[in-house]
Amino acid sequence: MRSGCHNFRGGTMAAAFVLLLPLLFPSLFTPLSHALPSVLSEWNAPKPKHSLLLWSALQRQTSAEQQAELWTPLPDQGWKPCLRPYGSASLPEKSEGYIQVFLDGGLNQQRMGICDAVALAKILNATLIIPHLEVNPVWKDSSTFEDIFDVDHFINALKDDISIVKGVPDDYFWSTREYYATAVRATRVKNAPVHASANWYLDNVLPVMQSYGIAAISPFSHRLAFDNMPEDIQKLRCKVNFQALAFVPHIRALGDALVNRLRYPPSTNEADSTTYLKRVSDSKDKQGNGKFVVLHLRFDKDMAAHSACDFGGGKAEKLALAKYRQVIWQGRVLNSQFTDEELRSQGRCPLTPEEIGLLLAALGFDNSTRLYLASHKVYGGEARISTLRSLFPLMEDKKSLASSEERAQISGKASLLAAVDYYVSMHSDIFVSASPGNMHNAVVGHRTYENKKTIRPNMALLGPVFLNKSRSWPEFQEAVVEGHRDRQGMLRLRKSQQSIYTYPAPDCICSSRG
């Protein structure tokens, strides 16, 4: 056994060295950039920014005690979900009319908008029309509510709270996205303030609904306040988020398959079998209950450009990102006035794949860790994540775990791809998000509700730590471990103006200690 482990580590080190060669010695691979100008014209494969730490991390060893502590589930923190039906209230006999909302953004922003729409229907005593999901201008995804979420489950779960219809009633057939796009319409409300109060809707939307029978709100994302809301409305928002919104069966089936393949890796023959998806649930007795961590890595071109940080891609990358900033934001990016060192010292730069890999290694994840990469598109592609893969050679994603046939229903659909990642993230032993955003907020809140371990990188600590190039691996590891002791799922109470979807306590999680 000892010999086998030694061979595995030796093989991993050799593979890692090969992977790092183009990064450590780019001049040796210059002909490649000429051979593939379309791939490498915007940026050059970045050198590791922390090569000494990376070299030490590749040789790291983690004790059994450290591994056991790392993978231990969160203890009972003295809180439990409290979404019991409130009082003896029943649905009013007569609705005030229909409420229609149009939701922009990606999947997780739309998810929060759906929860707010249900809450608003309750506030106004309105019948909710299943929300319309706008086509995302970045991802060009036209997936509807019905494509992503189980509509029947949604309606049934909320049947005692509000009335819901699947489509626009015949009497209001004209109330469509196209209708509101062509002219000013009396039934459209387009001036809802960000985080508007319940009273604002009662004063401004209820009269429209009572006059015309329907009111359409667009835009609606982030348009309902988190503070000064009745207790029953807050609990209803959480009920929608954590109970009523279930993904459609084919997303759950694919998600279950990915989770099982991460926990119980198939043999080579099984991995090549197209029937593995059906047999996966029978494999649990073969290798025991394996654990895995999900890494949500948001490192797309938008984030890289907007941060105004230097990510090691050389002059070509800097110019490309500067041009992108100018085109998208006309240069109005606050960070642009600071140097890269100033931004990093303030913890304002996104963690690169290399840096998140070093963070995970310092926390105790070894090279046998099964890591699932939840990411839509990494700026720089495989070359950018090669250092991360060298640290975690068992890293997987949707493409590596499922065949193209199994992914056919979600291929090219950003919202469905994100839904699968969300599902797998909720079923992982540990979730780590490399940067804030709607996916981070949604999953962190959901895992808090279920008391599951979630590691939140300490950006204020890591920026200055990574700037110190003279820090040894033991010093780096000590700083990382100490700086993340209280950032591994410990419950935090929501503060004023914070989102209930990220911080569900104390509104939806109540103390179980009296």
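I began by writing down what "buried" is to mean in this notebook: a residue is buried when its relative accessible area is under 20%, exposed when it is over 50%, and partly exposed in between, with a 1.4 Å probe and protein chains only. I noted next that this is a predicted model, in which local features need pLDDT of at least 70, side-chain atom pairs count only at pLDDT 80 or more, and totals for chains, interfaces and linings use all residues. Residues are numbered from 1 along each chain as its sequence is written, and side-chain values use heavy atoms, with hydrogens and water left out.

**Entry 1: confidence**

I looked up pLDDT, the predictor's confidence in each residue on a scale from 0 to 100, and found a mean of 87 for the protein, with 85% of its residues at 70 or more. Residues 1-9 have a pLDDT below 50, and this stretch has two contacts beyond near neighbours in sequence, a contact being heavy atoms within 4.5 Å. Residues 25-41 also have a pLDDT below 50, and there I found seven contacts beyond near neighbours in sequence.

**Entry 2: the cysteines**

I took a disulfide to be a pair of cysteine sulfur atoms within 2.5 Å.

Cysteine 82 and cysteine 510 are joined with an S to S distance of 1.8 Å. This pair links distant parts of the chain, 428 residues apart, with cysteine 82 in the loop between strand S1 (79-81) and strand S2 (98-103) and cysteine 510 in strand S13 (residues 509-511). The torsion about their S-S bond is about 65 degrees, so I recorded the disulfide as right-handed. Cysteine 82 is buried at 13% relative accessible area, whereas cysteine 510 is partly exposed at 24%.

Cysteine 238 and cysteine 508 form another disulfide, with sulfur atoms 2.0 Å apart. Cysteine 238 lies in helix H12 (residues 231-244) and cysteine 508 in the loop between helix H26 (473-483) and S13, so the link ties together parts 270 residues apart in sequence. Both cysteine 238 and cysteine 508 are buried.

Cysteine 309 is joined to cysteine 349 (S to S 2.0 Å), and here the torsion about the S-S bond is about -90 degrees, so this disulfide is left-handed. Cysteine 309 is buried at 7% relative accessibility, and cysteine 349 is buried at 6%.

**Entry 3: helix H18**

Which residues of H18 are buried? They are Glu317, Ala320, Leu321 and Arg325. The buried residues of H18 pack against helix H17 (301-307) and helix H21 (381-391), while the face turned away from them carries the exposed residues Lys315, Leu319, Lys323 and Val327.

**Entry 4: two buried polar residues**

Lysine 398, in helix H22 (residues 398-401), is buried with a relative accessible area of 10%. Its side chain makes a polar contact of 2.9 Å with that of aspartate 421; such a contact is a pair of N or O atoms within 3.5 Å, where within protein one must be able to donate a hydrogen and the other to accept it, and residues adjacent in sequence count only if both atoms are side-chain atoms.

Serine 433, in strand S11 (residues 430-433), is buried at 2% relative accessibility. Its side chain makes polar contacts with the side chains of histidine 296 (3.3 Å) and histidine 440 (3.2 Å).

Definitions and conventions. Helices (H or I, at least four residues) and strands (E, at least two) are DSSP runs, numbered from the N terminus.
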